[in-house]
Amino acid sequence: MRPISAFFAALLAFTQPALAECQGQNLINALSPEAQTTLRIEAAKQPYAIGNYWLATKGTEEITLIGTYHFDDPRHAATLAALTPALDSAKILLVEAGPKEQESLKARMADDPALIVNTDGPTLAELLSPTDWQHLRDAAAARGVPSFMIAKFRPWYVSVLLAMPPCSMDIATMPEGLDAQLIAAADARDLPVEALEAYDTLFSIFGGMSQSEQIDMITSALALEEKSADMAVTLADAYFAEEGRLIWEFSKQQSLQMPGFTPERVEREFAVMEKAMMNDRNQAWIPVIEAAAAKGPVLAAFGALHLSGEQGVLKLLQDEGYSITRLSLTP
């Protein structure tokens with residue numbers, strides 16, 4: 001799986017057509033009952049593996065947390081309705097990337113195309129094997145990107161692009177995931193919206209990755225390209241079933257079935273991705289969340305995969321002395 005952050009959503013809003021609904025098969029549901037049970041047992045080994053909606057309290061501090069799915073889905077309406085009391089009582093909404101960060105990102109990319117385009121050094125046609133390069137050309141063509149352009153993109157940006165299945169890129173208006181809908185609801189209430197991190201955080205993360213790690217991200221994405229529509233459906237369904245950790249374990253299982261993906265390689269690549277894209281950011285968010293909570297009730301909204309795990313936001317808050325309670329999204 002390629003975890004998608006709100007940064008990615010904003011980035012693609014400025015550079016690509018928006019998302020449409022994918023038609024595909026839920027790959028987890030297609031597994032045998034025994035295989036599904038095994039996956040759920042593996043997912044359950046991580047703290048807070050199930051649940052999107054939580055309350056963290058410590059003394060008078062109150063933090064409501066909602067794990068989000070960054071792209072459009074009609075099922076968001078019910079979630080947004082359930083979040084109305086939290087929006088009404090909060091003093092601030094914290095998100096991964098707020099309106100100010102999105103504007104800063106847009107301006108930075110307009111001023112410095114080299115952020116995503118490699119203006120010197122070898123192209124991807126030179127860095128990838130002939131087989132992987134042809135596979136990438138086909139994947140890019142399916143997304144309306146010609147090969148001469150994809151060859152010059154930076155590897156990390158290509159992995160962002162590949163995270164969007166071709167079926168999701170055929171309409172002209174940007175849809176609104178739960179993050180964007182919450183920001184709109186906050187604006188309607190004159191509720192302040194602040195970001196958990198600077199707009200250029202992920203540029204720094206990718207800049208700290210080696211070229212080989214970035215190339216691994218491309219080849220991992222290409223390995224699941226033929227199942228991209230099915231993976232999109234599976235991801236959304238797992239999110240709305242509040243089983244975020246399940247999709248992580250399922251993606252690892254899927255990678256193990258790809259040619260050349262040994263258990264050692266899969267563990268290495270997923271560990272790199274989890275540390276860079278989730279764990280390090282989670283740790284940096286905790287002081288921001290705590291500082292906001294000291295001033296009154298907080299609603300914090302961020303990608304659902306950030307909730308679970310030993311280095312997930314919920315466990316980190318627990319380690320800081322907060323009591324964690326799961327809340328219901330069902331009226």
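What do strand 1 and strand 2 form, and how many residues sit between them?

Reply: They form a hairpin with two residues between them. Gly59 sits in the turn, with a positive phi of about 60°. Strands here are DSSP runs of E with at least two residues, helices are runs of H or I with at least four, and both are numbered from the N terminus.

Before going on, a word about the model itself. It is a predicted one, where local features need pLDDT of at least 70, side-chain atom pairs count only at pLDDT 80 or more, and totals for chains, interfaces and linings use all residues. Residues are numbered from 1 along each chain as its sequence is written, and side-chain values use heavy atoms, leaving out hydrogens and water.

pLDDT is the predictor's confidence in each residue, from 0 to 100. The chain averages 87, and 91% of the residues score at least 70. Residues 1-20 fall below 50, though that stretch still has 81 contacts beyond near neighbours in sequence; a contact means heavy atoms within 4.5 Å. Where pLDDT is low, the predicted coordinates should not be read in detail.

Strand 1 covers residues 53-58 and strand 2 covers residues 61-68, and they pair in the antiparallel sense over six bridges. Two strands count as paired if DSSP finds at least two bridges between them. If you want one spot to look at, Tyr53 has Ile66 in strand 2 as its bridge partner.

Strand 1 has another partner too: strand 6 (residues 323-326) pairs with it in the antiparallel sense, over four bridges. Over there, Thr57 stands opposite Ser323 of strand 6. In a regular strand the side chains alternate between the two faces of the sheet.

Now follow Tyr53 to something it touches. Glu242 has Tyr53 among its contacts, along with Ala49, Ile50, Gly51, Asn52, Arg326 and Leu329, leaving aside residues up to four places away in sequence. Glu242 lies in the loop between helix 13 (228-240) and helix 14 (244-256). With a relative accessible area of 12%, Glu242 is buried. For the cut-offs, buried is under 20% relative accessible area, exposed is over 50% and partly exposed is in between, using a 1.4 Å probe and protein chains only.

The side chain of Glu242 also makes a polar contact of 3.3 Å with the side chain of Arg326. A polar contact is a pair of N or O atoms within 3.5 Å; within protein, one must be able to donate a hydrogen and the other to accept it, and residues adjacent in sequence count only if both atoms are side-chain atoms. Glu242 isn't a glycine, yet its phi is positive, at about 60°.

Tyr48 is another non-glycine with a positive phi, about 55°. You'll find Tyr48 in the loop between helix 2 (33-43) and strand 1. Tyr48 pairs edge-to-face with Trp54, at 5.2 Å centre to centre and 85° between the planes. Rings of Phe, Tyr and Trp (its six-membered ring) pair if their centres lie within 6.5 Å; planes under 30 degrees apart are stacked, over 60 edge-to-face and the rest tilted. Tyr48 and Trp54 are both buried.

For contrast, look at Trp156 and Phe206: their ring centres are 4.7 Å apart and their planes at 10°, so that pair is stacked.
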